[in-house]
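Biologist: Before we discuss terms, may I see the sequence and the structure?

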Amino acid sequence: MFDDTHQSRVDTSLEGNPTAGRVKDIDLKFVFRRNNTGDRDRDGNPLIYAFKGMNSYKIVPMYRKMFLTRAKLIVEGMKDDLKPDYVMPVPSSNGFGEEFGRFVSDWIEVPFLQPSFLSKKTIQDILDEEEQKKRKISNKRTRRKYNSQMATWKGMEAGRHVSMKELDKKIRPFFNPLTVSGAMPNIAGKNILVTDDLMSSGTSIWSAAELVRGGGAVVDTSVCFLSGL
């Protein structure tokens, strides 16, 4: 529910947003800031679940419109700091990722770039890559998490797409979840603003950025609907 009387889990106020962060050499701007008030086990994700229609969460149209109206005001406030040639969302199997990318594209008046030339890797893709790398992990706790994830993936459907949000944050940086799966558009020399629905570790943002950089594009900024914690 959208409620200006409290800011539990997600700060939707104009006074508290936008906020900023960084992933490697990419500046991050967050429309709404997640916080540690309320139920920490869910850290604000129910809002994203509701927008995506996942895990039995739903949001009624009235409240959805209220969130997006507030988001529009915050994005418009960023406009002078954002000078890309295109806006491109991180590829997602859920429609809200693209919806948010188009939302940003519309309100900063920059063309939208459909990321149809990128796709998520499958579990089998990752398993094959890791088998070739023969990764050595010195930290025992991290190694246990990594080995546990490998065992989990081996027991799952090989063709299922990998979701970084399902992985422990300690091991996400080991994996590049995206790949080029189609003809790269002519983006050489263009500045691409990457968008994502939720900032967690930044792995997906970084992966998308690196792939379009491989096509000669510049990526120095990303805008996320919800911040990290």
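Modeller: Let us begin with helix H2, where the exposed residues Pro61, Met62, Lys65 and Gly77 lie on the face turned away from its buried side. This is a predicted model, in which local features need pLDDT of at least 70, side-chain atom pairs count only at pLDDT 80 or more, and totals for chains, interfaces and linings use all residues. Residues are numbered from 1 along each chain as its sequence is written, and side-chain values use heavy atoms, with hydrogens and water left out.

Biologist: What makes residues 61–78 helix H2?

Modeller: Helices are DSSP runs of H or I with at least four residues, strands are runs of E with at least two, and both are numbered from the N terminus. H2 has 18 residues. Its first and last C-alpha atoms are 26 Å apart, close to the 26 Å expected at 1.5 Å a residue; the expected span is 1.5 Å times one less than the number of residues.

Biologist: Which residues of H2 are called buried?

Modeller: Buried means under 20% relative accessible area, exposed over 50%, and partly exposed in between, with a 1.4 Å probe and protein chains only. In H2 the buried residues are Phe67, Leu68, Arg70, Ala71, Ile74, Val75 and Met78.

Biologist: Why are the buried residues of H2 said to line one face?

Modeller: Down the axis of H2 they fall within an arc of 160°, so they line one face of the helix. The arc is that of the directions from the helix axis to the C-beta atoms. An α-helix has 3.6 residues a turn, so residues three or four places apart point the same way.

Biologist: What covers the buried residues of H2?

Modeller: The cover includes strand S3 (26–34), helix H1 (45–52), helix H3 (95–108) and strand S8 (221–226). Contact means heavy atoms within 4.5 Å.

Biologist: Why is strand S7 described as largely enclosed?

Modeller: In S7 (residues 192–198), 7 of the 7 residues are buried, so the strand is largely enclosed by the rest of the structure.

Biologist: What joins S7 to S8?

Modeller: S7 and S8 run parallel and are joined by 4 bridges; two strands pair if DSSP finds at least two bridges between them, so these two qualify. Leu198 stands opposite Leu226 in S8. Strand S4 (residues 86–89) is also joined to S7 by 4 bridges, and these strands run parallel. Tyr86 stands opposite Ile192 in S7.
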